[in-house]
Amino acid sequence: MDGILNIYKEKGFTSHDVVAKLRGILRQKKIGHTGTLDPDAVGVLPVCLGRGTKLCDMLTDTDKQYRAVMCLGLTTDTQDSSGTILARHEVAASQEEVRRAILSFVGRYDQIPPMYSALKVGGQKLCDLARQGKTVERKPRPVEIYRIEIHRLELPRVEMTVSCSKGTYIRTLCHDIGQALGCGAVLEKLVRIRAGIFYVEDSLTLGQVERLRDEGALERHVLPIEEVFRALPVYRCCPSQGKALQNGNALNAGGLGQEAGEYRVQDPQGRFVGVYTYCPGEKLLRPKKLFFIGGGPL
């Protein structure tokens with residue numbers, strides 16, 4: 001299979017566990033996930049199949065949306081409720097003060113990644129170093145919180161939906177809110193409800209994938225690669241461009257005007273080939289990501 005499956009990652013599985021189990025279910029080796037979810041977190045995990053694995057880095061870079069429960073008054077070494085408790089504090093802030101502190105994080109801010117994360121420093125995962133009792137300096141990374149919607153505020157717990165940019169750690173957002181309030185905070189529950197164009201209501205558990213496989217009905221749940229780029233304009237090649245297309249070369253495209261941009265390119269028969277970037281100064285479409293192998297389009 002070539003494309004993307006919208007998987008619902010269940011609690012207790014790592015993202016790598018999901019990939020390993022899918023390789024067995026689908027009897028297919030070429031599978032990759034599009035960004036880790038903590039074992040205790042659940043929700044949307046787009047998984048790329050076959051030639052779709054070329055999309056892994058592109059899908060990892062999409063915006064995300066989470067439903068989270070934050071508990072004030074605690075700090076842990078993992079910034080969530082699964083970690084070792086480092087301190088307990090009374091929550092002296094009022095509901096309105098908590099609300100203001102939470103909403104003050106809407107916008108851009110520099111976030112320091114947690115030690116218990118899959119990021120690498122000097123070739124080693126931070127979580128591996130943390131398990132050895134080591135702490136290393138992490139550089140703050142710019143993230144953006146687009147929106148926070150507070151659904152329930154019953155101290156010490158707050159239930160909220162967070163829409164954010166790629167690379168945002170909701171554990172760390174909770175920790176930072178707790179620091180701002182002076183009482184600490186941890187992430188207690190996390191559901192990823194959206195990753196780019198993939199929504200939790202359309203996701204499949206591993207059990208559902210196995211059942212659909214047995215029924216011969218799984219293929220209709222696999223999103224074709226081209227659908228990921230449906231927002232891009234289409235450029236269909238003419239027969240004279242066939243050789244350049246098959247060789248993965250730039251395409252002459254002077255008729256596209258003076259505005260740079262990305263296009264999803266199709267062969268003369270209308271079959272998707274890849275994503276190209278138009279360079280108006282050169283009047284060329286240059287390949288950005290190709291999804292055919294050995295000269296054969298999808």
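How far apart are the mean positions of the positive and negative charges of the protein chain? They are 6 Å apart, for 42 positive and 34 negative charges. Lys and Arg count as positive and Asp and Glu as negative, with His and the chain ends not counted. The place of a charge is NZ of Lys, CZ of Arg, CG of Asp or CD of Glu.

This is a predicted model, in which local features need pLDDT of at least 70 and side-chain atom pairs count only at pLDDT 80 or more, while totals for chains, interfaces and linings use all residues. Residues are numbered from 1 along each chain as its sequence is written, and side-chain values use heavy atoms, with hydrogens and water left out.

**Figure 1. The whole chain.** The protein chain has seven helices and 18 strands. Helices (H or I, at least four residues) and strands (E, at least two) are DSSP runs, numbered from the N terminus. Along the principal axes, the C-alpha atoms fill a box of roughly 75 × 50 × 40 Å. Of the 298 residues, 47% count as buried. Buried means under 20% relative accessible area, exposed over 50%, and partly exposed in between (1.4 Å probe, protein chains only). The chain exposes about 14900 Å², and carbon and sulfur atoms supply 47% of that area. Accessible areas come from the Shrake-Rupley method with a 1.4 Å probe; for residues, only the protein chains shown count as cover. Among contacts between residues at least 6 apart in sequence, 66% join residues at least 24 apart. Contact means heavy atoms within 4.5 Å.

Figure 2. G32 is buried, with a relative accessible area of 12%. H33 is buried at 17%. Leaving aside neighbours within four places in sequence, G32 is in contact with V19, P46, V47, C48, T53 and C56. With residues up to four places away not counted, H33 touches S15, H16, V19, L45, P46, V47 and C56. G32 and V19 are 13 residues apart in sequence, yet their C-alpha atoms are 6.4 Å apart in space.

**Figure 3. Helix α5 and its cover.** Helix α5 spans residues 170-181, twelve residues in total. From first C-alpha to last, α5 reaches 17 Å, close to the 16 Å expected at 1.5 Å a residue. The expected span is 1.5 Å times one less than the number of residues. The buried residues of α5 are I170, R171, T172, L173, C174, D176, I177 and G178. Which elements cover them? The cover includes α3 (95-103) and the strands β4 (64-72), β7 (107-111), β10 (141-154), β11 (157-164) and β12 (185-195). Just after α5, G182 takes a positive phi of about 80 degrees.

**Figure 4. The five-stranded open sheet.** Five strands form this sheet, in the order β14-β16-β17-β18-β15, with mixed pairing. β14 (234-236) and β15 (251-252) stand at the edges; each has a single partner strand, so one side of each is left without a neighbour in the sheet. Two strands pair if DSSP finds at least two bridges between them. β15 and β18 (residues 284-290) run antiparallel and are joined by two bridges. Here L251 has L285 of β18 as its bridge partner.

**Figure 5. The β17-β18 hairpin.** Strand β17 (residues 272-279) runs antiparallel to β18, and six bridges join them. Y276 stands opposite P287 in β18. Four residues lie between the two strands of the hairpin. K283 sits in this loop. Is K283 buried or partly exposed? K283 is partly exposed, with a relative accessible area of 44%.

**Figure 6. Backbone exceptions.** Most residues other than glycine have a negative phi, and most peptide bonds are trans. Phi of K283 is near 55 degrees, a positive value in a residue other than glycine. Q79 also has a positive phi, near 70 degrees. Q79 is placed in the loop between β5 (74-76) and β6 (85-88). Q79 is buried, with a relative accessible area of 10%. Which residues does a cis peptide bond join? L155 and P156, with omega about 15 degrees. P156 is found in the loop between β10 and β11.
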